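Begin with a pair of packed helices, then turn to the sheets.

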Amino acid sequence: VTFRYGFRFLVASAFVLVAPTLLAQVQTALMPLPAKLEMTSPPQLLRLGPTFSAAITGPGAVDPRVRPAVLRALHRLSRQTGVFVAEKVSDGAEQVTLLVTVEKSDHAAPQQLGDNERYSLVVTSSQARLVAEAPLGVLRGLETFLQLVQVGTGGIGLPAVSIQDGPRFPWRGLSLDVSRHFIPLEDVKRTINGMAAVKLNVFHWHLSDDQGFRIESMKFPKLQELGSDGLYYTQAQVRDVIEYAYMHGIRVVPEFDMPGHATSWFVGYPELASAPGPYSVIRQFGVFTAAMDPTKESTYQFLDVLIGEMAGLFPDAYFHVGGDEVDPKQWMANAEIQAFMKKHSIANEEALQAYFNQRLQKIVAGHGKHMEGWDEVLQPGIPTDVVIQSWRGQKSLAEAAQKGYEGLLSNGYYLDLMFPASAHYVVDPLKGETAALTPEQQKRILGGEGAMWQELATPENLDVKLWPRLAVIAERLWSPEAVIDVASMYQRSEVISRWLEFQGLGHRTIPRRMRERLASSLMAEGSAAALDTFAEVLEPVKEYTRADSVGGYTQSTPLNRLVDSIPPESDDARRFRELVDHYLANRQANRADLDAINEQLLRWANNIPKVMPVLTSNALLKETVPVANNLQQIINSGLEALDDLKSGKAATPDWVHSQIAMLEAAAKQKAEVLIQIEPGVRKLVEAAGQAKK
Ligand code: ACM
C-alpha cells in the first residue's frame, strides 16, 4: 500500500488505514508538503542513535553552502531529539546514515531568482539518501529530513519514505518592516532560520518608512543619525545578514520606500521633501503627507548616490523602491511643483508619481538592478522590467501580468492583520482574477510574500506574530496547487509549530514568559498558569482595529499587555468550535461530544476564580476583568444550552433570544481581545432552541 495525498496523508482518516501499533511511525508532519511523497509499506523506521553518521558526495559538494548546512542539520538533529549526534561530515563515504549527493555546483553568490531547489529524499531502514541537482536542493531537503524525525513507539527516527520535491513558485518571501519598530540583528537572523526551515527563499527588508531609517549610509549619514533614534544596522551588520541569508538559501531584497512613507529621510535632508519642514521622525502610525519632491533634479542626484551606495551593498538583482500610499497634499500645495506639472503637461498627481518612477527606474537600472515596487508603481510608461508586488490583490496582479510585468502577491498574506492561518492558506497567487490569465502570463506571477508590518509588534513578540502562520503561507507558495486541505494543514501546523521552537523560535514560549511578567506582582503559585488558561480562549482584535483605537498607539507605547502576549489564532478556541461543529453535524451519533464540550467549558469556568485575583492585582491586567466577566457569561450560556441538548427538551424562544443578545454583547472586544469560543457557544444556544424530544 502506498499512501499519497489522495488519502489525505496524515489526517485522522488516514490513520485507520494502518495498524494502530504503526501509528507512531507514520505520524509525521511536513510543512510545506512535498510535491510527491510515498510511504513504504509496511512502515519502517530509520533509527537515530549515537552511531549516526553523515557524508557528502558529488561534484556540487564544493559549494560553500553545502557542508555548513549539513553540519547545522546535525546540530539541529541533536537539539530536536536529545540524541547525541557527532557533528562531523565525511567526504565520499557511502556507508553512512545520511548520504547527501549534490550533482552540480552552482554559480557564484549571490543566489538568483529561479535557482534550482529540487531534491529527492529516499529513506530506508538503513539509510537516508538526499540527492540534489544543485546546492539549494540540499538545503531544502535537509529541512524535510529534520521534519521527518519523530519520537515514536519504535524509538527516535524517520519513517521510510520516498520524496521527490521542488517548489511551485520561485519567489517565496517574507517582507519585514523594521521601521515602525526596529528589529535587532539577532532577531533578524532567528527569523531567517525560521524562513529557511519552511523553505522560504526571499527576505524582503523594509528598511525605511516615516518612523525610521534603519540602515547606515556613508554618503548621507544624517539619514540614520537623525532618522533612527540610534536604532539602525551598520553596513557591516547588513553584510553579515546577507551572508547569513545566503548560507541559508535566502535572497535579501532591500526596500527603500519612496516618494511617500519617507518622513524619516527628511529629518536630516529636508530639501528632499515637497514642503520646507522642519521634519521629525513620525511617532504615530498611518499614512502621512510628507513626500519627496519629484520635480527637482537635486532629488534624483541624491537618489542616484544613495541607490548606488545601497546597490553596492545588496548583491541581489532586485531593488524595491516602495511607491505605496503617496498622499499628494504636499504636491498640490506647492506652487513650483504645480508649475512644473503644467510646463511638462503632467495631468495630475498620479501622473507625477509615474514621472518620478520613470526617473527612478532609470537610476535603479543604471546601478544594475531590476526595480520592484508596490502596485502604485504600475503606471503608464513604466518599463516591463519592473516587478510589481501586490498589496491590493489578484486583480491588480492580473492586470500587471497582462501588461507584461512580473508580479508577487502579498494581499491575503498580511500577518499583522491577526487573521487565522486558514484565511491565509486559501489565498493562492493563481486563483481569483489571475486564474484567467494565459499560461504565459501566469508564468509572470513569481510567487508571493508574507508581510509583517511592525506598528504593533516588537522584537519581543515578533515570533508570536510570525509563527506558525508563516509556515502555512510557505506551504501555499511551495506545495502543489492541489494541497488545500485545511484540516490537514492545522494538524501539521501544530506539529511544525512545536518543531520550530526546537529550531530556536520562541512563539510558544514567549507568550508564557510575557504572562509570567504580567502575573509576577501577585507572587502566588499558579498565577501565570491561570493567566495562560484564561488566554486560551482569546485572540487579539483583527485588522487595524487596535491601531485605530481611541488614543491610538505611538512608537513608544509599551506593548506589554495581555493582548500583546496572545497568538493571533487560538488553537484551543478553534478546536472547541470544531468540536461543536462535529456534534451538530450529527447530534444523535455524536452525543458523546456533549461531555467533551461540557468538560472543556468547565475547565475554563473553574479557572475564572483563579485568574480573577491576578487580573485585579495588576495595573496592566485590570482592563481584562470585563473580559473574564464576559467569558463567565458565555460559558454559563453554553452550559445551560448543554443541559437542554442532553435532556432533549427545546429551550424557549425567549431564552434563546435573550442568550443571543447577551452573547452578541459579550463577543464585542474589550481590552482589544476577542473571546473566540463565543461562536461555538452561540451555535449550541441556537441548537438548544431546536432541541428534539
Ligand atoms: C502597503 O500595505 N501599503 C504596502
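Helix H5 (residues 185-197) and helix H7 (residues 235-247) pack with their axes 10 Å apart, at an angle of about 15°. Here helices (H or I, at least four residues) and strands (E, at least two) are DSSP runs numbered from the N terminus. Axes are lines fitted to C-alpha atoms, for helices over the stretch in contact, and angles run from 0 to 180 degrees between N-to-C directions. H5 and H7 are therefore roughly parallel to each other; angles under 35 degrees count as roughly parallel, over 145 as roughly antiparallel, 65 to 115 as roughly perpendicular and the rest as oblique.

The model is predicted, so local features need pLDDT of at least 70 and side-chain atom pairs count only at pLDDT 80 or more, while totals for chains, interfaces and linings use all residues. Residues are numbered from 1 along each chain as its sequence is written, and side-chain values use heavy atoms, with hydrogens and water left out.

The crossing of H5 and H7 is right-handed. A crossing is left-handed if the near helix is turned anticlockwise from the far one by less than a right angle, and right-handed if clockwise. On the H5 side, Leu185, Val188, Lys189, Ile192 and Asn193 meet Gln237, Asp240, Val241, Tyr244 and Ala245 of H7, where contact means heavy atoms within 4.5 Å. The residues of this contact divide into six nonpolar, two polar and two charged. In this division Ala, Val, Leu, Ile, Met, Phe, Trp, Tyr, Cys and Pro count as nonpolar, Asp, Glu, Lys and Arg as charged, and the others, Gly among them, as polar.

The axes of helix H22 (residues 571-585) and helix H26 (residues 678-689) cross at roughly 25° and come within 8 Å. H22 and H26 are therefore roughly parallel to each other, and their crossing is left-handed. Residues of H22 in the contact include Phe576, Arg577 and Val580, and those of H26 include Pro679, Lys683 and Leu684. By class, the contact of H22 with H26 has eight nonpolar, one polar and three charged residues.

Now the sheets. Seven strands form an open sheet of mixed pairing, in the order S1-S10-S6-S7-S5-S3-S4; two strands pair if DSSP finds at least two bridges between them. Strand S1 (36-39) and strand S4 (90-91) stand at the edges with a single partner strand each, so one side of each is left without a neighbour in the sheet. Within the sheet, four bridges join strand S6 (residues 119-123) to strand S10 (residues 161-165) in the antiparallel sense, and Val122 stands opposite Ser162 in S10. Helix H4 lies across strand S5 (98-102), S6, strand S7 (128-132) and S10, at about 35° to S6.

Another open sheet has three strands in the order S2-S9-S8, with antiparallel pairing. Neighbouring strands of this sheet are turned by 55° against each other on average, direction ignored. Three bridges join S8 to strand S9 (residues 155-159), and the partner of Val151 in S9 is Ile156. Helix H4 (residues 135-148) packs on this sheet too, touching S8 and S9, and its direction makes about 135° with that of S9.

Elsewhere, strand S17 (residues 387-390) and strand S18 (residues 406-409) run parallel and are joined by four bridges. Ser390 has Leu409 in S18 as its bridge partner.
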